[in-house]
Amino acid sequence: MSEVPTSSPRLAQFKLVLLGESAVGKSSIVHRFVKDSFDDLRESTIGAAFLTQTIALDNNVTVKFEIWDTAGQERYKSLAPMYYRNANCALVVYDITQPTSLDRAKSWIKELQRQASPDIVIALAGNKLDLESERSISTEEAQIYANEEKLLFFEVSAKTGENVKDTFKAIAEKLPIEEKVSQSQRRRQRNIDLSRPSTNEQGCSC
């Protein structure tokens, strides 16, 4: 019996920005997702760092994230719009052991809702789930806020990797993938058409 050919994987590319207070673990989350590694001694991000990673979805689509990991220090705050402008999605991170970090995350979310694309997908992530004994922000408090603002919500641990990949997959599944795939296919078709040599169908030798 001959095998039924499967369609080739389709690629959709999206810009993702990470926001949150300094030391909440934004860079650690990204490095766990991209490199599956964790470093206790990771230095603070200066300005922003850029990484990419792909994730395969069940519908034969591979999503490529272009990730801008922004610095959380106050002196870099004015640079943030440069990175979240035209972003398709945002991951706003807080530290479950630091109460003020959730307030800071809420202010970032307000800013995104006011200034970013109206279609942006926003996820809220409480990091450092491995420090459950030091928790000072309840899951219920953050979940209620996320529900009110219609955000994706996860608690994660960059240190152990718990829920990190699930968070990025959930973001990918909320994005307008079919629209992006169609745009990509149209661009590829235009490039193919432009690269074809023109032919003189009438065979004129002039």
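## Basis of the model

The model is predicted; local features require pLDDT of at least 70 and side-chain atom pairs pLDDT 80 or more, whereas totals for chains, interfaces and linings use all residues. Residues are numbered from 1 along each chain as its sequence is written, and side-chain values rest on heavy atoms, with hydrogens and water left out.

Strands β2 (residues 48-56) and β3 (residues 61-70) are paired in the antiparallel sense over 9 bridges. Pairing requires at least two bridges found by DSSP between the strands; helices (H or I, at least four residues) and strands (E, at least two) are DSSP runs, numbered from the N terminus.

The two strands form a hairpin with 4 residues between them, and N60 in the turn has a positive phi of about 65 degrees. T70 of β3 is the bridge partner of A48.

## Aromatic contacts

Rings of Phe, Tyr and Trp (its six-membered ring) count as a pair if their centres lie within 6.5 Å; planes under 30 degrees apart are stacked, over 60 edge-to-face, and the rest tilted. The count by this rule is 5 aromatic pairs. One of them, F33 with F65, is edge-to-face, at 6.3 Å centre to centre and 65 degrees between the planes. Because F33 belongs to helix α1 (residues 26-35) and F65 to strand β3, this pair ties together parts that are 32 residues apart in sequence. Both F33 and F65 are buried, the term meaning under 20% relative accessible area, with exposed over 50% and partly exposed in between (1.4 Å probe, protein chains only).

W68 and Y83 have ring centres 5.2 Å apart and planes at 35 degrees, so their pair is tilted. It links distant parts of the chain, W68 in strand β3 and Y83 in helix α2 (residues 80-84), 15 residues apart. W68 is partly exposed, with a relative accessible area of 26%, whereas Y83 is buried at 13%.

## A charge over a ring

K106 lies over the face of Y145, 4.9 Å from the ring centre. The criterion is NZ of Lys or CZ of Arg within 6 Å of the ring centre and within 35 degrees of the ring normal.

## The second largest pocket

The lining of the second largest pocket comprises 13 residues, of which I120, V121, I122, K150 and L151 lie nearest its centre. Elements giving two or more residues to this lining are α3 (99-115) and β5 (121-127). A pocket is an open set of points on a 1 Å grid over the protein atoms alone, where a 1.4 Å probe fits, with protein on both sides within 12 Å along at least five of seven lines; lining residues have an atom within 4 Å of a point.
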